Amino acid sequence: TNATNASSGGFAGEIVNKTMSLSLNSQPMRAVDTKVYWNWSRKDNNSTQMTFTPVAGSNLQCSGGPCTTELFNYKKYNLGADVGYRFNPENRVVAGFDYLDADRERIDFIHNIDRKYSLEWKNSAFETLDTKAKYQYLTRSSNFVQTGNFDQFQRRFDLQNVNQNLAKLAFDWTPRQLLDYGLEILYKDNDYTGDRQF
């Protein structure tokens with residue numbers, strides 16, 4: 001086995017996760033309930049960052065140059081609010097807004113902001129059947145950093161700028177005790193904006 005010429009003779013792994021959450025639930029009126037929330041999380045990878053400079057002919061090659069490990073770190077927070085209104089004991093409507101701000105160490109998208117607007121209807125008029133219908137609109141804005149010639153022609157779609165329409169219909173049926181059936185139908189339309197997709 002040819003030498004990989006590691007930058008360090010030993011590896012120490014340490015990943016630190018931190019989270020914090022706050023929420024306030026209230027019922028200002030008999031038929032109205034509200035929820036306000038805030039979540040924060042951070043991941044720090046304090047592990048040893050290794051660099052390998054293999055000799056010629058080694059099976060470990062990184063485009064002809066040294067191989068350096070990537071230490072993935074991120075921090076993000078999101079805040080939002082839900083307002084529910086109950087027309088009667090069987091019908092309830094919930095309107096919501098969610099805001100997400102995220103920073104990460106990645107070779108392409110380093111920051112994104114997501115905004116979600118939603119409207120949901122819940123019905124329990126039937127004794128054994130619960131129905132939910134939801135519509136959600138998402139808009140995402142991301143910061144892209146070009147790190148190579150190849151990246152100017154390609155964007156990974158998981159954090160690409162997008163406007164998304166989502167519709168969901170769910171049924172929960174309990175015909176008898178200890179027997180439950182569920183059905184969920186989801187429709188999602190993504191309109192990627194900015195760079196052309198390949």
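Predicted model: local features only at pLDDT ≥ 70, side-chain atom pairs only at ≥ 80, totals over all residues.
Two residues are in contact when heavy atoms of theirs lie within 4.5 Å.

## Gln136 and its surroundings

Gln136 belongs to strand 8, which spans residues 129-144. Leaving out residues up to four places away in sequence, Gln136 touches Lys116, Tyr117, Ser118, Gln164, Asn165 and Leu166. The relative accessible area of Gln136 is 12%, and because the limit for a buried residue is under 20%, Gln136 counts as buried. A further spatial relation concerns Lys168: its C-alpha lies 8.6 Å from that of Gln136, although the two residues are 32 positions apart in sequence.

Strand 9 (residues 162-176) and strand 10 (residues 179-192) run antiparallel and are joined by 13 bridges.

Most residues other than glycine have a negative phi. Leu178 is placed in the loop between strand 9 and strand 10. With a relative accessibility of 83%, Leu178 is exposed, since the exposed class starts over 50%.

Leu183 is located in strand 10. Its relative accessible area of 48% makes Leu183 partly exposed.

Arg92 is found in strand 6, which covers residues 91-104. Is Arg92 buried or exposed? Arg92 is buried, with a relative accessible area of 15%. The side chain of Arg92 makes a polar contact of 2.6 Å with the side chain of Asp33. Beyond its neighbours within four places in sequence, Arg92 is in contact with Asp33, Gly84, Tyr85, Arg86, Glu120, Trp121 and Lys122.

## Salt bridges

Side chains of opposite charge can pair when their charged atoms come close. The structure holds five salt bridges, among them those in the following table.

| Salt bridge | N to O distance |
|---|---|
| Asp44 and Arg42 | 3.1 Å |
| Arg106 and Asp158 | 3.0 Å |
| Arg140 and Asp114 | 3.0 Å |

The salt bridge between Arg106 and Asp158 has a separation of 3.0 Å, N to O. Arg106 sits in the loop between strand 6 and strand 7 (109-126) and Asp158 in the loop between strand 8 and strand 9, so the pair ties together parts that are 52 residues apart in sequence. Both partners fall in the partly exposed class: Arg106 has a relative accessible area of 25%, and Asp158 has a relative accessibility of 40%.

Arg140 and Asp114 form another salt bridge, their closest N and O atoms being 3.0 Å apart. This pair links distant parts of the chain, with Arg140 in strand 8 and Asp114 in strand 7, 26 residues apart. Arg140 is buried at 16% relative accessibility, and Asp114 is buried with a relative accessible area of 6%. Elsewhere, salt bridges that share partners join Arg106, Asp108 and Asp158 into one network.

## The chain as a whole

How many helices and strands are there in the protein chain? The protein chain has zero helices and ten strands. From the N terminus on, its elements therefore read β-β-β-β-β-β-β-β-β-β, given that strands are numbered from that end.

Of the 198 residues of the protein chain, 23% count as buried. Among contacts between residues at least 6 apart in sequence, 56% join residues at least 24 apart. The protein chain exposes about 13,600 Å², of which carbon and sulfur atoms supply 52%.

Conventions. Residues numbered from 1 in each chain as written. Heavy atoms only, no water. Pairing = 2+ DSSP bridges. Helix = DSSP H or I, 4+ residues; strand = E, 2+ residues; numbered from the N terminus. Buried < 20%, exposed > 50% of the residue type's maximum accessible area, 1.4 Å probe, protein only. Polar contact = N/O pair within 3.5 Å; in protein donor to acceptor, adjacent residues only side chain to side chain. Salt bridge = Lys/Arg side-chain N within 4 Å of Asp/Glu carboxyl O. Areas by Shrake-Rupley, 256 points an atom, 1.4 Å probe, with all protein chains shown as cover.
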